[in-house]
Amino acid sequence: MSRPDPAPLVAVADFAAAIEDRDRAPPGSVRVERGDVLSRFAVYRNNVWVARLDILDGLFPVASALVGADFFHAVARRFFHEAAPGNPVAHEWAEPFVDWLDASGAVADWPWLVDVARLEAAWLFAHHAAEAEPIGPAALAGIAPEDLLARRLRLHPSLGLVASDASIGTIWAAHQGDAASDEIDATRPETVLIVRPQADVVVATVSPVEAAFVATLGADASLGEAIEAALAADPAFDPGARLAALLRLGAVVGLD
Amino acid sequence: MTILPALPRRAGVGFKPEHFDAIVASHPDLGFFEIHAENYMGAGGPPHRRLAAIRADHALSIHGVGLSIGHPGPLDAGHLDRLAALVDRYEPESFSEHLAWSSHGGHLADLLPLPLTEATLAIVIDHVDAVQSRLKRRMLLENPSTYVRFSESTIPETEFLGAVIAATGCGLLLDVANVMVSAVNHGFDPRAYVAALPLAHVGEIHLAGRFETVDAAGLPLFVDAHDRPVPDDVWALYAEVIARIGPTPTLIEWDADLPPFKGLLAEARRAEAILASHREARHVAA
């Protein structure tokens, strides 16, 4: 007998609730033709949780390695219970996860873990960001300096900045490749710039003033305004060298 | 609805980034590649660079795993828009999705079963209509592998699929491996199940490996794991299906514990041999 309209939604909601909660029995309407209903329902529960945890492991290999799989999975389970993303595009779970990690206090004892995870989320953002062709120094060569200062630099759509009180760039780099270094000084503050000018994501450690300079450029300031702000923050700031470095990184895609 | 070029009636494989270099180096003679739509919903980057290179040389099937067509709530319009953008970008020969749901508030990253009733039939028909209207093309709907059923179900799965196909004009993605998994799990005759499907509407076939275990009652429990070669009983049923409906685009699905590319290719060759024998048989008969 088919029931009236609310039935399908109730069936799905009950099913989902029993997957989310390991201690909850399968809904009463779930049945099997033969065998044990709990074992069979458990296939779904297992599929869901293995897939979810695999996805987060894949998005945050460094954060996961730093705390160990068991702890990372425990934190990940809490995330899904408290703030499971509805978006079926898994790589886009990275930012919501980091925001939750930060806000939930789940790793309050290890604030650097949030920052490392934020670096990994920025890496993923860059990896999947739109394509754009960087410009080189030649694109600026014919422009008079005073005209150049009035222009705005268009930054690469993949570009991101992450600042931390910990050495997140060093920590992250130590976990790339085969040989993970176990003696790193993780206590120096570091800011990283992440950009993907072509196929590969580049992670570069930058000074705080350089990060502020890039952030100001990204906030639609003219080159002159951004330089002025940087010099005010740090009189030793070298505009020519920093601009050349940004161009070398492939972080600039145009001039407005 | 626009009639688009169909997949070649040959064997294809799922495209995995791990195999990209081997594919580029070997230019395999395959009917098509299939991708999971949700892995290509970023704007750019290596995923799209690789896919564009694959697409330039091969027919393409886009297989959605996150649209949640079987959920009774409204379809995720934003997700459908992204799917439409992906379909516009790559103009695949085929788009397919599942008779299943995968999100309820939070995304559950699995293909979950629904009660098969008049109420859910009306919902699935609405959803398939909405997908086909938005994508401006016919889609294929895949028969699920399932581990449990619902006491409120009143419509046999084959009849349910047939009704959706009749009402929407969509095609059937016949997953032969799913048929065998469900047949063992629920104890039905896989051949009777296949015979009850609207076989004239099959647009693609899926074949995959499975994990075989037993439940707490000691009875066989097959899990649709896509993590090993296609088992012999699936090959046998596949050959019977091809004998009956003729050569049909056939995908080797292998999503976990990936073999080297040549391992995947060997499975595709096996499907290709079955397809070729029936291509010749039909030619002689004609």
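This is a predicted model: local features need pLDDT of at least 70, side-chain atom pairs count only at pLDDT 80 or more; totals for chains, interfaces and linings use all residues.

How many helices and strands are there in chain A? Chain A has 12 helices and six strands.

**Overall form of chain A**

- The radius of gyration of chain A is 24 Å, while a compact globule of 256 residues would have a value near 18 Å.
- The C-alpha trace of chain A spans about 80 × 45 × 30 Å along its principal axes.
- Of the 256 residues in chain A, 38% are buried.
- When contacts in chain A between residues at least 6 apart in sequence are considered, 62% of them join residues at least 24 apart.

**The two domains of chain A**

- The domain assignment divides chain A into domain 1 (1-109) and domain 2 (112-123 + 130-256).
- A distance of 36 Å separates the C-alpha centres of domain 1 and domain 2 of chain A.
- Where the domains meet, 13 residues of domain 1 of chain A are in contact with nine residues of domain 2 of chain A.
- On the side of domain 1 of chain A that touches domain 2 of chain A, helix 3 (61-67) and helix 5 (94-104) of chain A each supply at least two residues.
- The residues on that side of domain 1 of chain A comprise 11 nonpolar, no polar and two charged.

**Helix 11 of chain A**

- In helix 11 (residues 223-233) of chain A, the buried residues are A:Leu223, A:Ala226, A:Ile227 and A:Ala230.
- Viewed down the axis of helix 11 of chain A, these buried residues fall within an arc of 100 degrees, and they therefore line one face of the helix.
- The elements against which the buried residues of helix 11 of chain A pack are helix 8 (145-150), strand 2 (153-155), helix 10 (208-218) and helix 12 (239-249) of chain A.

**A buried residue: A:Val162**

- A:Val162 belongs to strand 3 (residues 160-164) of chain A.
- Is A:Val162 buried or exposed? A:Val162 counts as buried because it has 24 C-beta neighbours inside 10 Å, and the cut-off for a buried residue is 20 or more.
- Beyond its neighbours within four places in sequence, A:Val162 is in contact with A:Asp115, A:Arg118, A:Leu119, A:Ala122, A:Ile168, A:Thr191 and A:Val192.
- A:Val162 and A:Ala122 stand 40 residues apart in sequence, and their C-alpha atoms are 7.8 Å apart in space.

**The contact between chain A and chain B**

- The contact involves 49 residues from chain A and 48 residues from chain B.
- Several elements of chain B give two or more residues to the side that touches chain A, including helix 2 (46-57), helix 4 (118-135) and helix 6 (176-186) of chain B.
- Which strand of chain B gives the most to the side that touches chain A? Strand 6 of chain B does, with six residues.
- By residue class, the side of chain B that touches chain A holds 21 nonpolar, 20 polar and seven charged residues.
- Strand 1 (residues 30-31) of chain A pairs with strand 8 of chain B in the antiparallel sense, over two bridges.
- A:Arg31 has B:Arg149, in strand 8 of chain B, as its bridge partner.

**Strand pairing within chain B**

- Strand 1 (residues 11-14) and strand 13 (residues 250-253) of chain B run parallel and are joined by three bridges.
- Strand 1 of chain B is also joined by three bridges to strand 2 (residues 32-36) of chain B, and these run parallel.
- B:Val13 stands opposite B:Ile252 in strand 13 of chain B, and its bridge partner in strand 2 of chain B is B:Phe33.

**Positive phi values**

- Most residues other than glycine have a negative phi.
- A:Asp220 has a positive phi, near 80 degrees, and lies in the loop between helix 10 and helix 11 of chain A.
- A:Asp220 counts as exposed because it has 10 C-beta neighbours inside 10 Å, where the cut-off is 12 or fewer.
- B:His27 has a positive phi, near 40 degrees, and lies in the loop between helix 1 (20-26) and strand 2 of chain B.
- B:His27 is exposed, with 9 other C-beta atoms within 10 Å.

Technical notes
Residues are numbered from 1 along each chain as its sequence is written. Chains are lettered from A and ligands numbered from 1 in the order in which they are written. Helices (H or I, at least four residues) and strands (E, at least two) are DSSP runs, numbered from the N terminus. The arc is that of the directions from the helix axis to the C-beta atoms. Two residues are in contact if their C-beta atoms, placed from the backbone, lie within 7 Å. The radius of gyration is taken over C-alpha atoms; the globule rule is 2.2 Å times the number of residues to the power 0.38. Ala, Val, Leu, Ile, Met, Phe, Trp, Tyr, Cys and Pro count as nonpolar, Asp, Glu, Lys and Arg as charged, and the others, Gly among them, as polar. Two strands pair if DSSP finds at least two bridges between them. Domain bounds come from an automatic or database domain assignment.
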